[in-house]
Amino acid sequence: MEKTIWPGSTQLAPSPVVLVGTGDGRRFPWNLLTVAWAGTVCSDPPMVGIGVRKSRFSYRALKELRCFTVNLPTAEMAEAVDFCGVASGADTDKFAARQLTAAKANKIVAPLVAECPLSLECAVRQVVELGSHDLFLGEVIAVQVGPGRDNTTEHAVVYFDGASSVQLVTGDRVEIRKAENDARIVRINQDSFLETLRRKMSAI
Ligand SMILES: Cc1cc2nc3c(=O)[nH]c(=O)nc-3n(C[C@H](O)[C@H](O)[C@H](O)COP(=O)(O)O)c2cc1C
């Protein structure tokens, strides 16, 4: 296969998008942050990494409380995921704004999202300053799985396409149109995920 050389850039897409829960509900309010730079980085101990900019409201809570949750959203939550990626916990209670339920974690002070089928409770083991983002390496010390949802594959559905705030849901393309103080899913078509990617690649 003939390949073209591009300058180094963040091209590993699509990547799953998660809702990261931060805060302790006291010194730092319980808050949610949408994160696309997230992934499993070690099996034993089980660890995940999330890349977070220092400018995020969530950053101080992550740094000082040294814990976070990783919540896997469902397709129905795509608009809320987008919202949590544009609104800030500095002036908005994102749980209340999108009728999401903050639930207590088992082992840490950061909140879970009750509506998400899978939540990982993570204790921060290392913070690595990389440049634009700091990498928070969290050991997964507990996992909460919703009833009947022991296989999460079909629920791992919200993706970042690497180019815009458009999020892709497995099998479908979701577009989120923003009006003033309002954002909603306005169109879900049946384009296959691969077709969407192919179109994107041919447009580059
Ligand atoms: C699809 C999507 C993915 C995002 N991924 C990240 C990410 O990986 N790291 C990050 O620092 N911000 C990311 N953001 C931006 C934050 O979620 C956003 O700035 C948010 O408002 C921060 O919330 P906070 O101020 O309450 O911490 C993403 C936003 C969207 C919409």
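Colleague: Of the 24 residues around the ligand, which come nearest?

Modeller: In this predicted model, Phe57, Ser58, Gly85, Ser88 and Gly89 come nearest to the ligand, out of the 24 residues around it. The elements that give two or more residues to that shell are strand E3 (31-35) and E5, and E3 gives the most, with four residues.

Colleague: How do the residues of the shell around the ligand divide into nonpolar, polar and charged?

Modeller: The shell divides into 11 nonpolar, 10 polar and three charged residues.

Colleague: What makes strands E4 and E5 a pair?

Modeller: Strand E4 (residues 38-42) and strand E5 (residues 47-53) are joined by four bridges and run antiparallel; a pair needs at least two bridges, and therefore these two strands qualify. Cys42 stands opposite Met47 in E5, and the two strands form a hairpin with four residues between them.

Colleague: Why is Cys67 called buried?

Modeller: Cys67, which lies in strand E6, has 24 other C-beta atoms within 10 Å, and because the cut-off for a buried residue is 20 or more, Cys67 counts as buried. Leaving aside neighbours within four places in sequence, Cys67 is in contact with Ile108, Val109, Ala110, Cys122, Ala123 and Val124. The C-alpha atoms of Cys67 and Gly138 are separated by 7.3 Å, although these residues are 71 residues apart along the chain.

Colleague: Why does Arg66 count as partly exposed, while Gln99 counts as exposed?

Modeller: Arg66 has 17 C-beta neighbours inside 10 Å, which falls between the limit of 12 or fewer for exposed and that of 20 or more for buried, so Arg66 is partly exposed. Gln99 has 8 such neighbours, and therefore meets the limit for exposed. Arg66 lies in the loop between H1 and E6 and has a positive phi of about 55° although it is not a glycine. Gln99 has its place in the loop between helix H3 (94-97) and strand E7 (102-103), and its phi is also positive, at about 50°, although Gln99 is not a glycine either.

Colleague: Which residues of the largest nonpolar core touch the most other members?

Modeller: Val20 and Phe68 do, in a core of 39 residues. Among the elements that give two or more residues to this core are strand E2 (18-22), helix H1 (58-65), strand E6 (67-72) and strand E9 (118-129), while H2 gives the most, with five residues. Not counting residues up to four places away in sequence, Val20 touches Leu32, Leu33, Val35, Ile50, Ser58, Phe68, Thr69 and Val70. In soluble globular proteins, nonpolar side chains tend to be buried together.

Colleague: What is the average pLDDT of the protein, and over which residues is the pLDDT below 50?

Modeller: The protein averages a pLDDT of 81, and 71% of the residues score at least 70. Over residues 164-172 the pLDDT is below 50, and this stretch has 30 contacts in the model beyond near neighbours in sequence. Over residues 179-194 the pLDDT is likewise below 50, with 25 contacts in the model beyond near neighbours in sequence.

Key. Residues are numbered from 1 along each chain as its sequence is written. This is a predicted model: local features need pLDDT of at least 70, side-chain atom pairs count only at pLDDT 80 or more; totals for chains, interfaces and linings use all residues. A residue is near a molecule or strand if its C-beta atom, placed from the backbone, lies within 6 Å of it. Ala, Val, Leu, Ile, Met, Phe, Trp, Tyr, Cys and Pro count as nonpolar, Asp, Glu, Lys and Arg as charged, and the others, Gly among them, as polar. A nonpolar core is a set of buried Ala, Val, Leu, Ile, Met, Phe, Trp, Tyr and Cys residues joined through C-beta atoms within 7 Å. Two residues are in contact if their C-beta atoms, placed from the backbone, lie within 7 Å. pLDDT is the predictor's confidence in each residue, from 0 to 100.
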